[in-house]
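Biologist: I have a model open on my screen and I'd like to learn how to read it. Can you take me through it feature by feature?

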Amino acid sequence: MTAALHALVQISNRPCGCYIIYIDSLSVLQSLQSFHYHSHPLVFEVLDFYHRLYSRGFTVLFCWVPAHVGISGNEKTDKAAKSAAHFFNTSIPACDLKKHAKTNLHLKWQRQWSLETENKLHFIKPLIENWPVLKNRRSDTIITRLRIGHTRATHRYLLLGEQMPMCPHCNCRMTVLHILIECQYFNAQRMHFFRTTVVL
């Protein structure tokens, strides 16, 4: 988008006429064609400059050139454009800074969380990302409790001061993981609901 803006600036210093700007980024052309009030500030700047040239009698066409398809000089043009970018003193929009900061914070958070292998929630959710939200609040609550392993059947003893529930068939601690995956006693139910006895 910055390259398109500077191309328009160069055209404005030339005699009035018809010019073609070749761009190998299809997303840039799509942004210019379907802009809205949430668009990047550079989109508005390019369109504003384009309309000013149009009002002065210029005709400017944008043409998409697929990148790296054997067109002679295309890679040299890419290198020249990247090297020229260092000479432009272009301000960075706040939305870009916000996105960059958010991405870096998320990566740092993920690196720290990846080290918490002893945390039981790490096994349940190793990646920091949003789970799908169900429209039904009750169903969403049930799914969340099953994910973290906290249910009335497995943790009620903590509230009532009772003994930890044990699986009567396997003689081990009763957990959501054990009920859904490990206990052989529930193979018939797994086959009925999941069409398999092995649930991963």
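Biologist: Among contacts in the chain between residues at least 6 apart in sequence, what percentage join residues at least 24 apart?

Modeller: Contact here means heavy atoms within 4.5 Å. For pairs at least 6 apart in sequence, 46% of the contacts join residues at least 24 apart. Before we go on: this is a predicted model, where local features need pLDDT of at least 70 and side-chain atom pairs count only at pLDDT 80 or more, while totals for chains, interfaces and linings use all residues. Residues are numbered from 1 along each chain as its sequence is written, and side-chain values use heavy atoms, with hydrogens and water left out.

Biologist: How many helices and strands are there in the chain?

Modeller: Helices are DSSP runs of H or I with at least four residues, strands are runs of E with at least two, and both are numbered from the N terminus. By that rule the chain has 10 helices and two strands. Along the sequence they follow the pattern α-β-α-α-β-α-α-α-α-α-α-α.

Biologist: What percentage of the residues count as buried?

Modeller: Buried means under 20% relative accessible area, exposed means over 50%, and partly exposed is in between (1.4 Å probe, protein chains only). Of the 200 residues here, 21% count as buried.

Biologist: And which residues have the most contacts inside the largest nonpolar core?

Modeller: In soluble globular proteins, nonpolar side chains tend to be buried together. A nonpolar core is a set of buried Ala, Val, Leu, Ile, Met, Phe, Trp, Tyr and Cys residues joined through side-chain atoms within 4.5 Å. The largest one here has 18 residues, and Leu 8, Ile 11, Leu 53 and Val 60 have the most contacts inside it. Two or more residues each come from helix H1 (2–12), strand S1 (18–23), helix H2 (26–33) and helix H3 (41–55). H3 gives the most, with six residues.

Biologist: Which residues of S1 are on its covered face, and which on its uncovered one?

Modeller: In a regular strand the side chains alternate between the two faces of the sheet. In S1, Tyr 19, Ile 21 and Ile 23 make up the covered face, while Cys 18, Ile 20 and Tyr 22 make up the uncovered one.

Biologist: In what sense do S1 and S2 pair, parallel or antiparallel?

Modeller: Two strands pair if DSSP finds at least two bridges between them. S1 and strand S2 (residues 59–64) pair in the parallel sense, over six bridges. Ile 23 stands opposite Trp 64 in S2.

Biologist: Which residues other than glycine have a positive phi?

Modeller: Two to look at are Asn 171, with a phi of about 55 degrees, and Arg 195, with a phi of about 60 degrees. Asn 171 sits in the loop between H8 and H9 and is exposed, with a relative accessible area of 65%. Arg 195 lies in the segment after helix H10 (187–194) and is exposed too, at 64%.
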